[in-house]
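This briefing covers the pockets of one protein model. It takes each pocket in turn and describes what lines it.

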Amino acid sequence: MGTPLIPLADEQCDIVAKLEFCNPTGSSKDRSALWILEQAIGRGEIARGTTVVESSSGNFALALAFYCRMLGISFVPVIDPNCNEATEAQLRLLCERVEKVAIRDGSGSYLKNRLSRVRELLVELDSAYWPNQYANPDARDAHYHFTAGELIAQAGPLDYLFVGVGTGGTIAGLSRRIKETYPDCVVVAVDAEGSVIFGGPPKKRRIPGIGSSIVPPLCGQALIDHVEIVSEARAVEACSALAAEYGLYAGGSTGSTYAAVQDYFARHRPGTHRPRVAFIAADRGHAYAQTVYDPLWVQQLHAETAQTPGVETLAVN
């Protein structure tokens, strides 16, 4: 696919953004969706008449819908109310059937109930395949081979890599390949406040694409040095900053990751060495026009959530 790398002006660091939102459906999920489908077809797990069924908050479903349509494969996405309106409308255009879970689980999220509906569909449908992006090693390998391979060729030696975490595939693949090439590179995992991936308390989350109400198995395969927790308010601020300062119309995951870069280096001032820092711009802003970029939605977000101090980086190695 090949996505561009662009520099962002900064007083302390040499920052580069890997624009994964330039993939065909607008996110880093294109990588794993296409690779998973290709590998499953090659193994005979997807054949004529197979229906692909997957749980997604939006981006992975959109990528699967696009590539399944190209390959002539039936696809049923299982989404929830946090899926952006524009994404849901596009899914309903591309898919004959869309399942929408409307009841929150015990953690205040929808993921566990989405996964339950997936399992029901696997029984109901005559021939079904579940990509299981939370545990499928093909999701990891797509980013190991392609995203990381491109980043190494484009960016040269890296001191830091910041990656948003949702299902764990992106950071698992990227961190392993980057550490093989640049062993001293510090990998910082970026998670959302309210996500339980790294042991934080569950909390209602509104921005899809980052964080999770379960601990994805693929996260255990990632080589992570630190974890940076970002509030949704900070993610919104960072999205606005990327647009105002660099003209980048970025999505919530990208904003969260850029906020993590800013917050981390606000607390860890570089010395005489000017570090080379890369972060993954995983999603574009179009699907967030009615949320992250809507002043009324942002006002409601601030009204509903208590403002908390920045969370310290967690060392995990």
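**Pockets in the predicted model**

In this predicted model, 21 residues line the largest pocket, and those nearest its centre are Pro 81, Asn 82, Asn 84, Thr 291 and Trp 297. The space in this pocket comes to about 380 Å³. The second largest pocket holds about 240 Å³ of space.

**Largest pocket: position and elements**

- The largest pocket lies between domain 1 (5-25 + 137-305) and domain 2 (48-126), because both domains give residues to its lining.
- Two helices, α3 (85-94) and α9 (295-304), each supply at least two residues of that lining.
- The element that gives the most to the lining of the largest pocket is α9, with four residues.

**Largest pocket: residue types**

- By residue type, the lining of the largest pocket divides into eight nonpolar, six polar and seven charged residues.

**Second largest pocket: lining and elements**

- The lining of the second largest pocket is made up of 13 residues.
- Nearest the centre of the second largest pocket lie Arg 69, Ile 73, Ser 74, Phe 75 and Glu 96.
- Helix α2 (59-71) and strand β4 (74-79) each supply at least two residues of the lining of the second largest pocket.

**Second largest pocket: residue types**

- In the second largest pocket, seven lining residues are nonpolar, three are polar and three are charged.

Notes
Residues are numbered from 1 along each chain as its sequence is written. This is a predicted model: local features need pLDDT of at least 70, side-chain atom pairs count only at pLDDT 80 or more; totals for chains, interfaces and linings use all residues. Side-chain values use heavy atoms; hydrogens and water are left out. On a 1 Å grid over the protein atoms alone, a cavity is a set of points where a 1.4 Å probe fits but cannot get out, and a pocket is an open set with protein on both sides within 12 Å along at least five of seven lines; lining residues have an atom within 4 Å of a point. Grid points are joined across faces, edges and corners, and a volume is the space filled by probe spheres set on the points. Ala, Val, Leu, Ile, Met, Phe, Trp, Tyr, Cys and Pro count as nonpolar, Asp, Glu, Lys and Arg as charged, and the others, Gly among them, as polar. Domain bounds come from an automatic or database domain assignment.
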